[in-house]
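The report below describes a few elements of the structure shown here and the way in which they pack.

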There are 2 protein chains.
Amino acid sequence: MAARILDGVAIAQQIRSELGARLDAFVRDARRPPGLGIVLVGSNPASEVYVRNKVRTGSESGLFVDLVRLPDTASLDELLAVVRRLNASDVHDGILVQSPLPAAMGKHAEHVVFETIDPAKDVDGFSPVSVGRLVQNRATLRGCTPAGVIEILDRSGIPIAGRQAVVIGRSDIVGKPMALMLLHRDATVTICHSKTTDLPRVASAADILVAAIGRPAFVTRDFVKPGATVIDVGINRLDDRESVERIYPPDSPRRAEFETKGSVLVGDVHPDVVDVAGAVTPVPRGVGPLTIAMLMHNVIVAAEQRIASRQQV
Amino acid sequence: MAARILDGVAIAQQIRSELGARLDAFVRDARRPPGLGIVLVGSNPASEVYVRNKVRTGSESGLFVDLVRLPDTASLDELLAVVRRLNASDVHDGILVQSPLPAAMGKHAEHVVFETIDPAKDVDGFSPVSVGRLVQNRATLRGCTPAGVIEILDRSGIPIAGRQAVVIGRSDIVGKPMALMLLHRDATVTICHSKTTDLPRVASAADILVAAIGRPAFVTRDFVKPGATVIDVGINRLDDRESVERIYPPDSPRRAEFETKGSVLVGDVHPDVVDVAGAVTPVPRGVGPLTIAMLMHNVIVAAEQRIASRQQV
């Protein structure tokens with residue numbers, strides 16, 4: 001029996017329509033839309049796509065979206081000056097600096113930026129204050145991708161409390177916050193990574209398996225307990241024929257897609273897993289749409305909190 | 001074969017003697033000792049004991065220790081005023097506000113205090129900035145108890161990388177930071193808690209088992225894989241005869257101790273576990289001494305960093 005496919009587009013749509021009422025209330029109160037400042041340095045093609053999606057979805061959702069572009073040659077100081085201006089702005093409720101930053105800014109540039117963003121406007125949830133509050137289970141602005149995964153589980157009626165959850169991947173932006181969020185929902189959580197011994201055995205203890213490693217089709221059937229829920233956070237673009245033919249059988253529509261477009265998007269989960277799992281998120285149209293929906297959510301929460309804290313003063 | 005007993009007193013002594021040279025260098029440079037401000041509100045008997053130990057160990061180690069006492073009736077605002085004074089002080093490199101705070105301060109008082117302490121002086125590692133940096137594996141001031149557990153493992157030659165670690169307990173001050181520190185040392189980490197299904201089975205997968213739940217003798221033989229390392233973070237005072245007689249056999253010296261003193265200290269790990277485990281930390285004289293040694297370590301690190309950052313400016 002093939003797994004149930006968890007439709008990220010439909011769930012994201014549901015969240016965005018619920019946010020509509022909150023946004024309207026904010027606009028009535030504040031007499032302006034919630035504002036999101038996006039800073040894009042340089043012109044990394046993947047970043048261009050992500051930023052375009054954020055700008056479009058934000059604008060369609062009724063946010064004021066302000067895209068600030070800096071050239072590839074911008075210095076870290078110039079970037080920080082933009083962040084400080086947005087911190088001080090009255091009409092920017094959320095600030096997002098698109099990763100990755102140009103290598104010339106130095107390897108600590110992202111951390112310096114995350115430490116500079118006002119935590120009250122940190123809609124990506126990447127500042128140390130936001131992350132620390134997340135650990136203490138009192139964050140209001142939480143990382144968009146892991147928060148989106150929780151929404152998928154909740155809105156699909158998949159219980160978390162008391163279940164075994166295994167997160168493969170320990171990145172700062174997905175793996176670690178994901179593990180913490182599942183823990184706070186009373187799952188028993190295991191975090192695995194490249195140094196884990198016998199990964200398939202550890203993973204196959206999971207009732208909920210989250211793959212966030214960035215390796216195409218890495219999670220195969222032997223990683224998955226029959227009936228488990230498998231959440232695929234990976235988005236990998238494959239443009240070599242050999243890999244595509246190894247992963248997809250000859251009759252797969254993905255093969256045809258590859259012939260037409262020259263590339264296909266593949267998650268971290270092998271397509272065969274659908275035969276074993278109880279439920280899976282597809283790629284694309286799985287976790288991805290939730291990331292943007294939760295960004296909209298965070299901007300509205302940040303805007304509401306800024307208004308509320310001003311009314312208290 | 002009985003488990004090897006990991007001697008926390010000896011390991012703590014080793015750390016403190018290594019810190020001696022760093023402290024001397026700081027004093028030569030700064031022409032003053034590193035300073036630790038301890039704030040104690042009220043007179044909780046357990047807190048009195050903890051604070052007395054910190055004051056004594058700090059002074060013996062050559063720190064300037066400044067104990068600020070506030071009455072039980074002090075308001076949160078009065079406490080925050082003290083914290084802000086210590087934040088601004090040039091001679092206080094570290095600040096520690098002893099928990100618990102009086103209930104009358106409100107249930108969010110500790111979080112407000114942790115958010116107020118200057119992260120550069122947060123020697124307990126409890127501020128959200130410190131915790132967030134810990135998640136991002138770039139904290140210099142890390143929680144003293146979990147950092148002490150890592151020292152015990154390292155200095156006892158117990159490998160962490162590639163091993164299965166299970167942490168029982170998900171507190172903000174031990175369980176969660178402990179899991180993160182083990183993860184950053186390349187263990188595969190599982191966090192368990194009161195909602196975990198079949199806890200003995202999950203725990204007995206561990207090569208390294210950390211018990212931090214505050215339930216006397218809760219971790220029994222069936223939780224422990226033969227040969228595993230068991231770290232006992234619990235310190236529970238037992239003063240009822242029935243519990244003492246249930247846990248300790250008639251010929252145990254703990255029974256005699258109970259008869260003399262009217263109470264005994266018991267960890268979260270049952271004494272029988274010594275027959276199964278490969279290595280265990282005792283209670284007392286296990287993790288406890290490390291907590292204070294790592295506090296001294298953090299004060300000296302904070303002092304060194306403050307001097308270094310001033311020289312950069």
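## Strand pairing

Strand E2 (residues 35–41) of chain A is joined to E4(A) by four bridges, and the two run parallel; strands pair if DSSP finds at least two bridges between them. A:Gly37 stands opposite A:Ile95 in E4(A). From strand E4 (residues 94–97) of chain A, A:Gly94 and A:Leu96 point one way and A:Ile95 and A:Val97 the other, and all are buried (20 or more other C-beta atoms, placed from the backbone, within 10 Å of a residue's own). Helices (H or I, at least four residues) and strands (E, at least two) are DSSP runs, numbered from the N terminus.

## Model and numbering

This is a predicted model, in which local features need pLDDT of at least 70 and side-chain atom pairs count only at pLDDT 80 or more, whereas totals for chains, interfaces and linings use all residues. Residues are numbered from 1 along each chain as its sequence is written, with chains lettered from A and ligands numbered from 1 in the order in which they are written.

Helix H5 (residues 128–135) of chain A is mostly covered, with eight of its eight residues buried. What covers these residues includes helix H4 (109–116) and helix H7 (175–184) of chain A, together with helix H5 (128–135) and helix H7 (175–184) of chain B.

H5(A) and H5(B) pack at an angle of about 90 degrees, with their axes 7 Å apart, the axes being lines fitted to C-alpha atoms over the stretch in contact and angles running from 0 to 180 degrees between N-to-C directions. The two helices are therefore roughly perpendicular to each other (65 to 115 degrees).

Technical notes
A residue is buried if 20 or more other C-beta atoms lie within 10 Å of its own, exposed if 12 or fewer, and partly exposed in between; C-beta atoms are placed from the backbone. Two residues are in contact if their C-beta atoms, placed from the backbone, lie within 7 Å. Angles under 35 degrees count as roughly parallel, over 145 as roughly antiparallel, 65 to 115 as roughly perpendicular and the rest as oblique.
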